[in-house]
Amino acid sequence: MSIRIVIADDQAMVRAGLKLVVESEPGMEVVGEAADGIEAVTVARRTRPDIVLMDISMPRMDGLTAARQLLDWPDPPKVVMLTTFDTDENLYAALRAGTSGFLLKVSPPEQLVEAVRVVVGGDALLDPAVTTRVIASFAGRHDPAPPPQLADLTPRELEVLRFLARGLTNAEIAGELFVGEATVKTHVARVLMKLHLRDRAQAVVFAYESGVVRPGAAVG
């Protein structure tokens with residue numbers, strides 16, 4: 001089955017370029033386009049895509065607001081935010097909204113294609129260095145009390161959460177723990193379920209905001 005994609009950007013030329021890149025890849029198809037956040041929600045509701053490539057700055061409704069609406073659905077699509085500027089504020093807001101990642105519009109075509117495959121495959125599109133810097137700077141401004149749901153995690157699940165906070169993929173975590181990738185996938189699913197998190201991107205934010213990982217401290 002093809003990966004179904006909606007492209008939301010207020011610039012027609014950007015949408016055309018993204019569509020050209022996506023549809024040049026086997027197994028991917030653009031099922032809808034939108035020029036603003038309101039239209040993005042409408043088009044996504046009609047087409048039920050696997051992933052929405054969402055411009056962060058659009059008229060009528062910005063991309064973050066639209067993403068929050070989409071991600072509130074019972075079976076939401078994955079959302080990757082697109083932007084011209086790699087600002088810490090935008091990245092942190094996107095992660096807190098529950099999006100699966102953040103991609104610069106100037107990224108090369110192969111990076112866009114890889115991003116789609118990574119996100120649809122269940123991983124978050126997170127650069128470990130950028131993620132750690134951003135989350136630490138915004139979430140590390142207070143000394144939080146550990147949330148009660150942390151007590152539900154086993155020691156191994158807590159360890160997996162710390163690796164997620166570094167932005168590691170399932171394969172990388174498997175290498176660190178000397179276990180199979182399927183085992184890691186099970187651990188990640190249990191962590192998300194027990195903490196009531198949508199995906200691993202939210203797990204990264206949770207790890208810092210809850211004090212599981214401290215800014216400036218070694219992780220994992």
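Hi everyone, let's start with T47, which sits in helix α2. Helices here are DSSP runs of H or I with at least four residues, strands are runs of E with at least two, and both are numbered from the N terminus. A quick word on what you see: this is a predicted model, where local features need pLDDT of at least 70 and side-chain atom pairs count only at pLDDT 80 or more, while totals for chains, interfaces and linings use all residues. Residues are numbered from 1 along each chain as its sequence is written, and side-chain values use heavy atoms, with hydrogens and water left out.

Is T47 buried or exposed? T47 counts as buried because its relative accessibility is 11%; buried means under 20% relative accessible area, exposed over 50%, and partly exposed in between, using a 1.4 Å probe and protein chains only. Leaving aside residues up to four places away in sequence, T47 touches R4, V6 and V31, where contact means heavy atoms within 4.5 Å.

Now for the neighbour of α2. Helix α2 covers residues 37-47 and helix α3 covers residues 63-71; their axes come within 8 Å and cross at roughly 25°. Those axes are lines fitted to C-alpha atoms, for helices over the stretch in contact, and angles run from 0 to 180 degrees between N-to-C directions. That makes α2 roughly parallel to α3: angles under 35 degrees count as roughly parallel, over 145 as roughly antiparallel, 65 to 115 as roughly perpendicular, and the rest as oblique.

Which residues meet? From α2 we have G37, V41 and A44, and from α3 they meet A66, Q69 and L70. By type, the residues of this contact are four nonpolar, two polar and no charged. Here Ala, Val, Leu, Ile, Met, Phe, Trp, Tyr, Cys and Pro are nonpolar, Asp, Glu, Lys and Arg are charged, and the others, Gly among them, are polar.

Moving on, R48 lies in the loop between α2 and β3. Its phi is near 50°, a positive value in a residue other than glycine. Most residues other than glycine have a negative phi. R48 is partly exposed, with a relative accessible area of 46%.

Last stop: D55, in strand β3, residues 51-55. D55 is buried, at 3% relative accessible area. Leaving out residues up to four places away in sequence, D55 touches A8, D9, D10, G63, M81, L82 and K105. An unreviewed UniProt entry places "modified residue: 4-aspartylphosphate" at D55; UniProt positions follow the numbering used here, feature names are shortened, and annotations may be inferred rather than shown by experiment.
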